[in-house]
Amino acid sequence: MFIHNSTSKLDPYSVKKKRMSEKVRKMFYHAYNNYMMHAFPHDELKPLTKTFTDSLSELGNLKLEHLPQEYNGSSLSLIESLSSLLILGNHTEFERAVLWLSENLTFDVDARINLFECNIRVLGGLVSAHILATDSTNRLNKGTYENQLLVLAEDLGQRFLPAFDTPTGLPYAWINLKYGVIKNEITETSTSGCGSLILEMGALSRLTGDPRFENVALHALRKLWSMRSSLNLLGTTLDVETGEWIEHSSGIGAGVDSFYEYLIKGHILFGREEFWRMFQSAYLAVQKYFRYGPWYHEADMRTGKATFWQLTSLQAFWPGLQVLIGDIAAANSSHREFFHVWNKFGVLPERYLLDHQMLHPTEKYYPLRPELAESTFYLYQATKDPWYLEVGESIVDSLNFYTRVEGGYASIRDVTTMELEDHQHSFFLSETCKYLYLLFDDSFLANQNYIFTTEGHPLPVLSSWHEKLPEAYILSNFTSIKSEEQPKRSSAMSLRICPAAMLNNGHNNEPVESACHIPDTHADHRCVTDKDCGVDSTSCRRRSCSMAGYCGLWLLI
Ligand code: DMJ
C-alpha cells in the first residue's frame, strides 16, 4: 500500500484524526504496559487476573506443567508489538525490545507449537522488525543492532523445516521446536495452515540468502493449489501425508482466510505472476460460489453447493483484500454489513447463523479481533470517505466501553451478556491497535510501500525482491481512488456480468451486460426502500434494501 499524502493541513478531518490517534495510542500503551508489567516475558497477558499464559506452547495442547521448569514463554506479545512501537514513533522502546530479544530469546525449547501461528506471529514479527531496524532511516543507534533478530528468525525457520518432510511436501501443523516432528504427530492441517507461509518464509530466504525457506513454502503452496477442484475451490482441512481432503466444505473464514490473502500479497511482494494467476482463479471462484450479496457462505469444493450459511468474524478481512485488487464497490458493500452486525451486538460475534438469524450457540465470543478495523483502514485509504473514520471511532469506543479493564483489554466470552474472558490476545497489539492507529494517522506509511502480513507485520515492497514488478504497483503508475474526479483503476475482478452470458459471448471474454440486469437507482447503491434497488446482474435475482441502507442480495439479519 503506497500512500501519497499522509497528514495534510488541508484535511478537514485533521482535528478528529489527531484526537482519535491519541486515543488509540493510549489504548496500545494500556495493553502493552500491562503486558510488560504482569506477563512479560511470557506470551500473553491475562488482564483480569494480571497473570500470564504461554499460549504459543499451549496451542500445541502441551500443558504448562509438562514444559521445562525454566520455560518462560517466547515473549510473544513483545515480538508482536515491535512494529506497532515504531509506527507510534517510540524508537527508544523498540530499541530496548530488540536488544532484550537479541540477548534473551531462544527457540531451543522442548515445546510443541503450531507452525502457522508461530510463522505469522513470531517469524513474521522478527523478520519485519529486522527490516525496520536496518532500513535507511537508521532507527537504532549505530552499533547496537547487528542482525540479531535475523539470526533468531533464521534459527526459527530452520526449526520449521522438518515439518515439510512429508510425502506431499505439505507441512505438519505441529512441530516440536527442539525435537522436530514428534512420533505419531497428527497429520491433519488446514488450508491456511499450509498455504499461508510464503510471505514470512520467502522474506527470510531473501534476507538470509538461504533458498530453503522459500522453496518449502512454495512447494507446499503449489501442491495445495494442485488439489483444487475443477471449480477452483479448496476445502478447509486435509491430510499432509496422503494429500487427501478431509473437510470439503470451505469459505473465506477460519482455516482458509489467509490462503487467499497470501496469494495476492505474495504476488505484490515477490511479483510472481504465478501467484496472480492462482489468486485470480481462486477469487473468481469465491465470488461465484460463496458470495451472496455482501455475505459469503460456505460451499462444497466438489459441487459448489452451499453448505453453511454463516457469518464469521474472521471473514471481515475480506473487504480489505478486495481493496488491494481494486474491487472497491464489493468491499464497501460487505464492510457496511459487517459494521451493521458490529453495531447490532456492540462487537463482532465469532459466528452468526445467517439462515437461522441467530448467534451460534457456542461461538458467541469476541476475542479482540482486528479484521473489521483492518478493512476499515484499507477502505479509508482507498476512498478517503470520512464515513470510515466514523466506523473507526465507533470500534474504538466499543473496545474501550466493553473490553478495557484495569489490567489491559479483555476478550468477550459472550456478546449477549458482554461477560469478559481473561485473555488479551497478542494480535490486539500487532493488528487491532495498529490498524486503528493507521486509520487516523498514516504518517508512518507516507512515501513507503509496505504490505502487511496476515498478523499485521509490515514488509516493504522492494523491486530487488521482484521477478517483475506488477504494473499496478509501479509507483509512477499508481492511482489512488480518492474522489470521483480521479480516474478509477478498475480491476479485472470488478466485472459484474452474468456467468452464462460470459460463456456464450464468444468475443474474447469481453464484458457482456446481463439481460436481466436492472441497475440500482443510485450509483452508490444506497437506498431507502427496496424500490431503490434493481436486479443483480450475476444471479438475476432482485436486490433489496438492507437495514444499513444499501442495495444487495441480503439475507435479513
Ligand atoms: C490473526 O492471528 C491473523 O490475522 C490470522 O490470519 C487470523 N486472525 C487472527 C486475528 O483474528
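Select tyrosine 35 and you will land in helix H1, which covers residues 14-38. Before you look around, keep in mind that this is a predicted model.

**Stop 1: tyrosine 35 and its surroundings**

Is tyrosine 35 buried or exposed? Its relative accessibility is 0%, so it counts as buried. Now show what lies around this side chain. Leaving aside neighbours within four places in sequence, tyrosine 35 is in contact with several residues, among them Phe40, Pro41, His42, Ser75, Leu76 and Gln424. Tyrosine 35 and glycine 407 are 372 residues apart along the chain, yet their C-alpha atoms are separated by 8.3 Å.

Proline 41 lies in the loop between H1 and strand E1 (44-46). Zoom in on the peptide bond from phenylalanine 40 to proline 41: it is cis, with omega near 10 degrees. Most peptide bonds are trans.

**Stop 2: the whole chain**

Zoom out for a moment and colour by secondary structure. The chain has 17 helices and 22 strands. Of its 557 residues, 62% count as buried. Contacts between residues 24 or more positions apart make up 69% of the contacts with a separation of 6 or more.

**Stop 3: H6 and H8**

Two packed helices are described by the angle between their axes and the distance between the axes. Select helix H6 (residues 148-160) and helix H8 (residues 198-208): their axes come within 11 Å and cross at roughly 125 degrees. That angle makes H6 oblique to H8. The crossing of H6 past H8 is left-handed.

Which residues make the contact? From H6, show Leu150, Ala153, Glu154, Gly157 and Phe160; from H8, show Met201, Leu204, Leu207 and Thr208. Sorted by type, the residues of this contact are 6 nonpolar, 2 polar and 1 charged.

Stay with H8 and show the surface of the rest of the chain. In H8, 8 of the 11 residues are buried, so this helix is largely enclosed by the rest of the structure. The buried ones are Ile198, Leu199, Glu200, Met201, Gly202, Ala203, Leu204 and Ser205. Just after H8, select glycine 209, which takes a positive phi of about 80 degrees.

**Stop 4: serine 192**

With a relative accessibility of 4%, serine 192 counts as buried. Which residues does serine 192 touch, not counting those up to four places away in sequence? Highlight Phe116, Gly255, Val256, Asp257, Ser258 and Phe259.

**Stop 5: two residues with a positive phi**

Most residues other than glycine have a negative phi. Asparagine 232 sits in the loop between helix H9 (212-226) and strand E6 (237-239), and its phi is near 65 degrees, a positive value in a residue other than glycine. Asparagine 232 is partly exposed, with a relative accessible area of 23%.

Now jump to glutamine 357, in the loop between strand E13 (351-353) and strand E14 (358-359). Glutamine 357 has a positive phi of about 50 degrees, although it is not a glycine. With a relative accessible area of 42%, glutamine 357 is partly exposed.

**Stop 6: helix H11**

Select helix H11, residues 273-289. How far apart should its ends be? At 1.5 Å a residue, the 17 residues of H11 should span 24 Å, and the end C-alpha atoms are 24 Å apart, which agrees. Then colour its buried residues: Glu274, Phe275, Met278, Phe279, Ala282, Tyr283, Ala285, Val286, Gln287 and Tyr289. As you turn the helix, remember that an α-helix has 3.6 residues a turn, so residues three or four places apart point the same way.

**Stop 7: H13 and H15**

The tour ends at another helix pair. Helix H13 (residues 328-345) and helix H15 (residues 387-403) pack at an angle of about 30 degrees, with their axes 12 Å apart. This makes H13 roughly parallel to H15. H13 passes H15 in a left-handed crossing.

Show the side chains where the pair meets. Asn332, His335, Arg336, Phe339, Trp342 and Asn343 belong to H13, and they meet Trp387, Tyr388, Val391, Ser394, Ile395 and Ser398 of H15. By type, the contact of H13 with H15 has 6 nonpolar, 5 polar and 1 charged residue.

Note on methods:
Residues are numbered from 1 along each chain as its sequence is written. This is a predicted model: local features need pLDDT of at least 70, side-chain atom pairs count only at pLDDT 80 or more; totals for chains, interfaces and linings use all residues. Side-chain values use heavy atoms; hydrogens and water are left out. Buried means under 20% relative accessible area, exposed over 50%, partly exposed in between (1.4 Å probe, protein chains only). Contact means heavy atoms within 4.5 Å. Helices (H or I, at least four residues) and strands (E, at least two) are DSSP runs, numbered from the N terminus. The expected span of a helix is 1.5 Å times one less than its number of residues. Axes are lines fitted to C-alpha atoms, for helices over the stretch in contact, and angles run from 0 to 180 degrees between N-to-C directions. Angles under 35 degrees count as roughly parallel, over 145 as roughly antiparallel, 65 to 115 as roughly perpendicular and the rest as oblique. A crossing is left-handed if the near helix is turned anticlockwise from the far one by less than a right angle, and right-handed if clockwise. Ala, Val, Leu, Ile, Met, Phe, Trp, Tyr, Cys and Pro count as nonpolar, Asp, Glu, Lys and Arg as charged, and the others, Gly among them, as polar.
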